[in-house]
Amino acid sequence: MKWLANEIIKQYMRMRMRRIERYMKRPEEPQERWLQRLLDTARNTEFGREYDFAGIRNAAEFARRVPAQDYERVRNQIGRMMRGEKNVLWPGQVLWYSKSSGTTSDKSKYIPVPMSNLYGCHYAGSWDSLTLLYHNKPDMEVFRRKNLVLSGSFQHLDEYPKTRFGDISSLMTHHMPVVGRAFHTPDFKTALMSNFEEKLQRVADHCCRRDDIVMFGGVPTWIIVLFRLILEKTGKSNMLEVWPHLQAYMHGGVGFDPYRDTFKALIPDNSFVYQEIYNASEGYFGAQCDPGKKDMLLFADNGVFYEFVPTEEWDKEHPNTVLLADVEIGKNYAIMISSNNGLWRYLPGDTVMFTRKHPHCFQITGRTKQYINAFGEEVMVGDTDKAVAEACRQLNAVVSEYTAAPVYFAGDKGRGGHEWIVEFEREPSDMERFNDVLDETLQRINSDYEAKRFKSIALQRLHLHAVPRGTFHRWMRARGKFGGQNKVPRLANHRNFVEDIMRYTASHNP
């Protein structure tokens with residue numbers, strides 16, 4: 001009877017697609033509704049009374065009255081909420097919190113996840129993503145076979161045990177609606193295990209022998225680790241020999257280009273679909289709507305009111321913002337959200353660039369704290385991911401992980417540069433040529449970097465260090481960042497990560 005369930009869900013998806021098509025054409029309408037709905041809902045909270053939400057009539061007044069927020073500005077209020085206080089940022093008591101992976105910092109962030117946000121943003125975004133997937137691939141069988149999600153885990157807060165926190169994936173798994181539970185694997189006890197290495201072994205043992213997987217999700221790094229473990233256990237040469245009905249992978253959290261060739265080798269099927277999604281701790285913001293284009297549709301009717309901060313405003317305490325109707329194609333913005341989790345004019349730290357309007361589609365270009373701009377070159381993660389992909393294409397190489405940082409001027413006549421640490425899945429035959437192509441491609445796609453590289457007057461050619469396979473995984477484990485939603489920091493405007501990895505490599509590979 002599972003085929004019938006899939007057919008019923010398809011009918012629901014078709015109805016849901018009509019709603020998506022409406023906001024693809026007119027996203028300003030649901031945005032206006034959501035701003036007013038959010039203000040009305042939170043008007044009697046501590047935050048709502050402080051900024052007189054009841055008296056705010058439009059977006060311009062909202063922006064004038066409520067200051068921009070980063071995590072440090074709301075840390076104390078969230079801490080009080082975690083210890084049981086009610087009606088602080090959001091009505092009632094919030095007992096669930098998403099713990100950020102802390103890519104750019106060793107300090108964790110705890111994002112409130114009231115049920116209004118879990119169901120009205122995260123699950124709503126999941127349904128919209130699946131709707132787009134079914135729309136583009138009508139033969140999908142997500143609700144006929146099993147779907148593998150490599151999620152994290154959660155735990156109780158010592159000071160207030162009613163409060164629980166963990167990766168957003170673990171919260172979504174724990175509260176999964178009934179309709180999805182019959183099609184989920186592994187079992188929930190295994191899925192929510194806190195020991196990630198033991199979890200990988202259990203998932204590999206369970207899923208490679210018992211399940212017929214059609215779709216999977218998770219951070220690319222850890223999915224690759226899991227798949228290699230499964231192939232080792234089964235003796236198969238690729239994942240289609242293990243799961244012959246594989247159809248799709250929902251991925252997000254990091255740029256996918258560096259991993260693409262690895263996945264093509266693991267799943268050698270040209271009809272297999274890769275759908276990028278944007279499900280952050282702070283909310284579910286978008287998903288790829290056209291498999292032929294490398295951009296995502298912004299979810300404009302999903303519990304979130306958006307503002308966008310232009311590059312020149314990033315460092316200002318009171319940045320000017322633009323609304324969705326006024327964004328410009330090809331310009332970098334920091335995303336700002338007001339959401340049904342009690343975050344108001346909040347900056348998650350992600351940067352985006354719109355590629356088209358009506359529908360409003362975008363690409364994630366990086367993080368406001370993950371970039372290199374030591375010399376005015378303004379290099380973002382989106383730039384480096386593209387450069388790595390092109391160098392791999394030309395030199396028949398595969399990069400599994402990388403990170404990069406500036407090399408500052410040395411002395412009066414010294415020149416700056418960029419230092420990269422790269423771990424290869426398959427090394428290029430000519431490492432120097434790979435270095436050249438990487439640098440040349442980065443110049444071609446980033447005019448600021450090209451200007452600083454002109455005749456090597458300001459910046460010399462980037463310098464690349466290749467490290468042994470598995471180095472980044474071992475380094476992440478040593479930092480306590482192994483598994484779950486943890487991700488390797490791609491870029492930094494400081495040298496902490498690069499120098500730490502180099503020290504780790506030297507001490508573990510004498």
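Biologist: In which loop does N87 lie?

Modeller: Helices and strands here are DSSP runs (H or I of at least four residues for helices, E of at least two for strands), numbered from the N terminus. N87 lies in the loop between α5 (71-82) and β1 (96-99). The model is predicted: local features need pLDDT of at least 70, side-chain atom pairs count only at pLDDT 80 or more, and totals for chains, interfaces and linings use all residues. Residues are numbered from 1 along each chain as its sequence is written, and side-chain values use heavy atoms, with hydrogens and water left out.

Biologist: Which loop holds H358, and what is its phi?

Modeller: H358 belongs to the loop between β14 and β15. Its phi is near 55°, a positive value in a residue other than glycine. H358 is partly exposed, its relative accessible area being 44%. The peptide bond from H358 to P359 is cis, with omega near 15°, and P359 is placed in the loop between β14 (350-356) and β15 (361-367).

Biologist: What is the omega of the peptide bond from T185 to P186?

Modeller: Omega is near 5° for the bond from T185 to P186, which is cis. P186 is found in the loop between β6 (184-185) and α9 (188-191).

Biologist: At what angle do the axes of α10 and α11 cross?

Modeller: Axes are lines fitted to C-alpha atoms, for helices over the stretch in contact, and angles run from 0 to 180 degrees between N-to-C directions. Helix α10 (residues 196-210) and helix α11 (residues 220-234) have axes that come within 9 Å and cross at roughly 50°. That makes α10 oblique to α11 (under 35 degrees is roughly parallel, over 145 roughly antiparallel, 65 to 115 roughly perpendicular, and the rest oblique). Contact (heavy atoms within 4.5 Å) involves residues including F196, L200 and V203 of α10 and W222, V225 and L226 of α11.

Biologist: How does α17 lie relative to α18?

Modeller: The axes of α17 (residues 471-478) and α18 (residues 496-508) come within 10 Å and cross at roughly 105°. This makes α17 roughly perpendicular to α18. The contact is made by T471, F472, R474, W475 and A478 of α17 and F497, D500, I501, Y504 and T505 of α18.

Conventions:
Buried means under 20% relative accessible area, exposed over 50%, partly exposed in between (1.4 Å probe, protein chains only).
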